[in-house]
Structure formats: C-alpha cells, structure tokens
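Subject: Structure handover and notes

Hello,

Here is the structure you asked to look through. My notes follow below it.

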Amino acid sequence: MSELPDDLRYSTEHEWVRVDGSVARVGVTDFATSEMGDIVYVSLPTVGSSVVAGDACGELESTKSVSDIFAPVSGVVTSVNDAATDDPESIGDDPYGEGWLFDVELADHDARERHVEFKTRPAGEVDDDAR
C-alpha cells in the first residue's frame with residue numbers, strides 16, 4: 001500500500017484532492033485502485049469542460065469492473081494526465097504521484113473545503129501506526 005501524503009483530502013468516493021492556490025489536482029486512492037485490479041482504460045473530462053462536485057466526470061475500467069470517477073470539486077478542467085490515459089496501469093502503480101488524473105480551477109476558491117465531504121484519511125486505508 002502506498003504511503004499517504006499529508007497534503008491530500010479524500011472524498012467518500014475514493015478520490016483525492018491536492019489544492020494549490022485555486023487549482024485542485026484530482027486522483028484516486030490506492031485502496032480504490034487495489035480493489036479494482038489492473039486498470040486497462042481511463043476516460044477523463046476534457047480540458048475546458050466544467051465539472052460539478054459529486055457528479056460523474058469520467059471512468060476507470062479494470063479487469064474486474066468499470067467505476068465512475070466523481071468530481072470532488074466544482075470548476076473548470078485545466079489539464080489532464082495524458083500519461084495516465086496512455087498507460088492506465090500507472091494510476092495503480094503510483095496513485096498519489098504520477099497516477100494523478102486531472103486538474104481543476106476551483107469555481108469558488110474560498111469554499112473549496114465545502115465542495116464535497118472531505119476526510120483527512122481515505123476510506124478503507126489503515127494508518128500503519130494504528131496497527
């Protein structure tokens with residue numbers, strides 16, 4: 001299991017968010033990618049499109065299932081990780097680093113913590129210190 005970065009917030013749908021100013025980087029948790037198995041296809045929102053917190057905006061397809069990607073924040077997509085679409089397995093290989101999915105210019109920078117219910121630890125992942 002990947003080490004959990006301290007600067008992320010997690011949605012109940014297993015997406016993570018790293019906010020830098022008015023831009024939020026979005027990815028999926030190690031727990032989610034582990035449960036899915038080998039990711040073979042990813043569909044991401046297009047640059048310039050608007051995403052709404054809580055709404056599906058893409059898909060991950062694995063050898064086991066197809067799962068929606070839910071936008072954890074609202075705003076306009078400013079970039080997507082082309083490397084992840086070219087090599088979907090990279091999402092599971094490094095979910096908190098090179099496996100990021102897309103960046104969003106936040107619609108309401110001051111209310112970024114209220115877009116979805118964020119947690120400081122992802123659901124399903126256990127802190128190694130708590131074992």
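How many residues lie between S1 and S2 in their hairpin, and which residue in the turn has a positive phi? There are four residues between the strands, and histidine 14 in the turn has a positive phi of about 75 degrees. Histidine 14 is not a glycine. Most residues other than glycine have a negative phi.

Some ground rules before the rest. This is a predicted model, where local features need pLDDT of at least 70 and side-chain atom pairs count only at pLDDT 80 or more, while totals for chains, interfaces and linings use all residues. Residues are numbered from 1 along each chain as its sequence is written, and side-chain values use heavy atoms, with hydrogens and water left out.

Overall layout

The protein chain has three helices and nine strands. Helices (H or I, at least four residues) and strands (E, at least two) are DSSP runs, numbered from the N terminus. In sequence order the pattern is β-β-β-α-β-β-β-β-β-α-α-β. The chain has 131 residues, and 41% of them are buried. Buried means under 20% relative accessible area, exposed means over 50%, and partly exposed lies in between (1.4 Å probe, protein chains only). Accessible surface comes to about 6,800 Å², with 42% of it belonging to carbon and sulfur atoms. Those areas come from the Shrake-Rupley method with a 1.4 Å probe; for residues, only the protein chains shown count as cover. Of the contacts with a separation of 6 or more, 63% are between residues 24 or more positions apart. Contact means heavy atoms within 4.5 Å.

The sheet

Six strands make an open sheet in the order S1-S2-S3-S9-S8-S5, with antiparallel pairing. Two strands pair if DSSP finds at least two bridges between them. S1 and S5 (50-51) are the edge strands, each pairing on one side only.

- S1 and S2 run antiparallel and are joined by two bridges. Tyrosine 10 has tryptophan 16 in S2 as its bridge partner.
- S2 and S3 pair over six bridges, also in the antiparallel sense. Valine 17 is partnered by valine 26 in S3. Two residues separate the strands in this hairpin, where glycine 21 takes a positive phi near 70 degrees.
- S3 and S9 are antiparallel too, over four bridges. Alanine 24 has valine 104 in S9 as its bridge partner.

Rings of Phe, Tyr and Trp (its six-membered ring) pair if their centres lie within 6.5 Å; planes under 30 degrees apart count as stacked, over 60 as edge-to-face and the rest as tilted. Tyrosine 10 and tyrosine 96 are edge-to-face, 6.4 Å centre to centre with 85 degrees between the planes. Tyrosine 10 is in strand S1 (residues 9-10) and tyrosine 96 is in the loop between helix H3 (89-93) and strand S9 (102-106), so this pair ties together parts 86 residues apart in sequence. Both tyrosines are buried.

Tryptophan 16 and tyrosine 96 form a tilted pair, at 6.3 Å and 50 degrees. Tryptophan 16 belongs to strand S2 (residues 15-20), 80 residues from tyrosine 96. Tryptophan 16 is buried as well.

The cores

A nonpolar core is a set of buried Ala, Val, Leu, Ile, Met, Phe, Trp, Tyr and Cys residues joined through side-chain atoms within 4.5 Å. The largest has 21 residues; Val42, Leu60, Ile69, Ile91, Leu101 and Phe102 touch the most other members. S3 (23-28), S4 (39-43), S6 (56-62) and S9 each supply at least two of its residues. Leucine 101 touches residues including Val26, Val42, Ile69, Val80 and Ile91, leaving aside those up to four places away in sequence. A second, separate core has six residues, among them Leu8, Trp16, Tyr96 and Trp100.

Two local details

The charged end of arginine 25 sits over the ring of tryptophan 100, 3.6 Å from its centre. The cut-offs here are NZ of Lys or CZ of Arg within 6 Å of the ring centre and within 35 degrees of the ring normal.

Phenylalanine 31 is in helix H1 (residues 30-36). Its relative accessibility is 23%, so phenylalanine 31 counts as partly exposed. Phenylalanine 31 lies 7.7 Å from histidine 14, C-alpha to C-alpha, and 17 residues away in sequence.

Best wishes
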